[in-house]
Amino acid sequence: MNLARPLRTTAVPALLTVSALVALTACGTSEADSAAGGSEATVTVRIPDPGNSGALALGKKDGSLDKALSKAGAKVRWTGSAGPFAPAAQAMNADQLDIATGSITSGITSLAQRPGFKFFTAVDPDAAGEGILVRNGSDIGSVADLVGKKVAVNQGGTGEYLLLKALAKAGIPADKVTRVYLRPDQTAAVFNAGKVDAWAVWATYAVAEIGSGKAHFVADGAAIGSDNYSLNAVRTEFAEQHPKVVQALYQYLHEASAKEKRNPAAYLNVFTDVGPTAVTGKAKEVQTGFTAQGGTVDPIGPEDIARFEDVAAFYADQNVTEDRVDVAAHLLDVGKLT
């Protein structure tokens, strides 16, 4: 199996192997595990429903994900829906979910709370699709213009990180800007009503706003210098008991994300091209553009870990977390899962 990551080093001594995890944590059981006694029963992998777009959505529709996992003796059970990482992390901790996707920023705040999961893949920060969003016609023309303004952010996650990072880079004290803590799925109405002046946000929510022709980034991820990786997490016990399943899932996601990057439109509106989950018109152009510029699902390399640690240090310095979170202690080397 080829786990090579182009332009990156993937030999990561700092990452925990499954054998090390087993030594650290006693194996348990769950409804997702195969039957006891080394039986050949099919392993069920619980993953949040992917919705209408993306590699997992297409894998659900055409059966390719189950086909790939069947080679490792596993199948998917879709449960709940994809959303913020914090509740997904809690679900993994409670043995209600096996796999989830989130950002390193929301991951760090979740890691600060006795986690029962490990990260096993990384997607490079989204230089184009995340940033500080303002309405067209706003008097905010730069990050410096945010002084005295109200900016919507999701607490402890990508939004708060992007805002704080942008302010730090511009040399602006964080207390010069008012952070308005809102759930991202509740923010669009507040933003469009003018109740906040800007919105620190990522592509999931930015696409619709930019696609409407009524908003734009005053600073995107590249301008901010964002280290906000997207990561896949696995429940610790699941990784201990079924490493080959995790490896098979990685391989599927790696290959599918490369295909999606080459042909983004094929991964949009997988189940329907109408209704609230459909991406249409200008928003579709915006989304395909972001995806084409984005990264792929890859193993976690040493250079990634260094940037994770920078985010953890930044969060501690900004008092988002009480202490600096040891991210490296919660990572898996997917190339060593056997």
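Residue Q251 is placed in helix α11, where helices (H or I, at least four residues) and strands (E, at least two) are DSSP runs numbered from the N terminus. The structure is a predicted model, for which local features need pLDDT of at least 70 and side-chain atom pairs count only at pLDDT 80 or more, while totals for chains, interfaces and linings use all residues. Residues are numbered from 1 along each chain as its sequence is written, and side-chain values use heavy atoms, with hydrogens and water left out.

With a relative accessible area of 12%, Q251 counts as buried, a class that covers values under 20%, whereas exposed stands for values over 50% and partly exposed for those in between (1.4 Å probe, protein chains only). The side chains of Q251 and E255 are joined by a polar contact of 2.9 Å; such a contact is a pair of N or O atoms within 3.5 Å, of which, within protein, one must be able to donate a hydrogen and the other to accept it, and residues adjacent in sequence count only if both atoms are side-chain atoms.

Q251 and E255 also belong, together with S64, A68 and Y252, to the residues that lie nearest the centre of the second largest pocket, which is lined by 19 residues. Pockets and cavities were located on a 1 Å grid over the protein atoms alone: a cavity is a set of points where a 1.4 Å probe fits but cannot get out, a pocket is an open set with protein on both sides within 12 Å along at least five of seven lines, and lining residues have an atom within 4 Å of a point. The volume of the second largest pocket is about 340 Å³, a volume being the space filled by probe spheres set on the points, with grid points joined across faces, edges and corners. Helices α2 (55-62), α3 (64-70) and α11 (243-262) each contribute at least two residues to the lining of this pocket, and α11 gives the most, with eight residues. The lining comprises nine nonpolar, four polar and six charged residues, where Ala, Val, Leu, Ile, Met, Phe, Trp, Tyr, Cys and Pro count as nonpolar, Asp, Glu, Lys and Arg as charged, and the others, Gly among them, as polar.

Within α2, the residues A55, L56, A57 and G59 are buried, and the buried residues of this helix pack against β1 (43-49), α3, β2 (74-81) and α11. After α2 comes G63, with a positive phi near 80°.

The protein as a whole has 13 helices and ten strands, and 51% of its 338 residues are buried. Of the contacts (heavy atoms within 4.5 Å) between residues at least 6 apart in sequence, 80% join residues at least 24 apart. When neighbours within four places in sequence are left aside, the contacts of F119 include F85, L111, L231, I300 and L332.

I132 is also one of the residues touched by I224, alongside G131, L162, K165, A166, K169 and A219, not counting residues up to four places away in sequence. I224 and I132 are 92 residues apart in sequence and 9.0 Å apart in space, C-alpha to C-alpha. I224 is found in helix α9 (residues 221-224) and is buried, with a relative accessible area of 2%.

One cavity of 30 Å³ or more was counted, and the volume of the largest cavity is about 30 Å³. Its lining consists of A152, V153, N154, L182, P184, T187, W199, A200 and W202, with β6 (150-153) and β8 (198-201) as the elements that give two or more residues. By class, seven of these residues are nonpolar, two are polar and none is charged.

Most residues other than glycine have a negative phi. Positive values occur at D95, near 60°, and at N319, near 65°.
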